[in-house]
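Q: I am new to this one, and I would like to go through it slowly. Could you walk me through a few places in it?

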Amino acid sequence: MLPAGAANLEKDLPPHDVNLLATKTSLIARGDLHPALQYVLLEMISQAHTRAGIFQKTGEFPAAEALEIPLSPEAKHFYKSGQPLLQRYLPFWLAVLVEQLVVLLIPLIGLTYPW
């Protein structure tokens with residue numbers, strides 16, 4: 001919808017609301033894109049595009065919609081809960097490092113813990 005007067009307020013162009021026809025944009029990533037990078041991309045796109053504009057309402061893009069291509073588990077989690085806990089409070093590089101260290105340390109602690 002193009003609101004009345006959006007093109008030129010002085011001349012009141014267009015004089016009334018105009019329904020527009022447009023294609024829908026989808027964001028697709030390759031399957032081998034690292035999950036942490038998927039979260040970063042979704043966060044950056046959300047920050048840039050969630051505000052309302054002339055042609056979109058608040059929160060219209062990006063949005064989890066049913067497509068022929070299924071959403072990745074990371075995208076589903078992002079739309080449901082937002083960023084992972086560590087990425088909310090730590091810089092990206094540190095959050096990824098801590099996640100990798102936890103994956104490494106849990107088995108080591110299990111092996112070294114005296115029974």
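**A walk through the model**

A: We can start with N8, which counts as partly exposed because its relative accessibility is 25%, where partly exposed lies between buried (under 20% relative accessible area) and exposed (over 50%), with a 1.4 Å probe and protein chains only. This is a predicted model, in which local features need pLDDT of at least 70 and side-chain atom pairs count only at pLDDT 80 or more, while totals for chains, interfaces and linings use all residues. Residues are numbered from 1 along each chain as its sequence is written, and side-chain values use heavy atoms, with hydrogens and water left out.

Q: Okay, and where is N8 placed?

A: N8 is in the segment before α1, which covers 35–49; helices here are DSSP runs of H or I with at least four residues, numbered from the N terminus.

Q: Which backbone nitrogen does the side chain of N8 reach at 3.2 Å?

A: That is the backbone nitrogen of K11, and a polar atom of the N8 side chain also lies 3.0 Å from the backbone nitrogen of E10.

Q: Switching topic, how many salt bridges does the structure hold?

A: The structure holds one salt bridge, meaning a side-chain nitrogen of Lys or Arg within 4 Å of a carboxyl oxygen of Asp or Glu. The side chains of R30 and D32 form it, at 2.7 Å from N to O, and both R30 and D32 are exposed.

Q: Then what about Q87, buried or exposed?

A: Q87 is buried, because its relative accessible area is 8%, and its place is in helix α3, residues 85–89.

Q: Which residues does Q87 touch?

A: Leaving aside residues up to four places away in sequence, Q87 touches A36, Y39, F92 and A95, where contact means heavy atoms within 4.5 Å.

Q: Last one: which helix gives the most to the lining of the largest pocket?

A: That is α1, with four residues, and α1 and α2 (73–81) each supply at least two residues of that lining. The lining residues divide into 20 nonpolar, seven polar and four charged, with Ala, Val, Leu, Ile, Met, Phe, Trp, Tyr, Cys and Pro counted as nonpolar, Asp, Glu, Lys and Arg as charged, and the others, Gly among them, as polar.

How values were computed. Polar contact = N/O pair within 3.5 Å; in protein donor to acceptor, adjacent residues only side chain to side chain.
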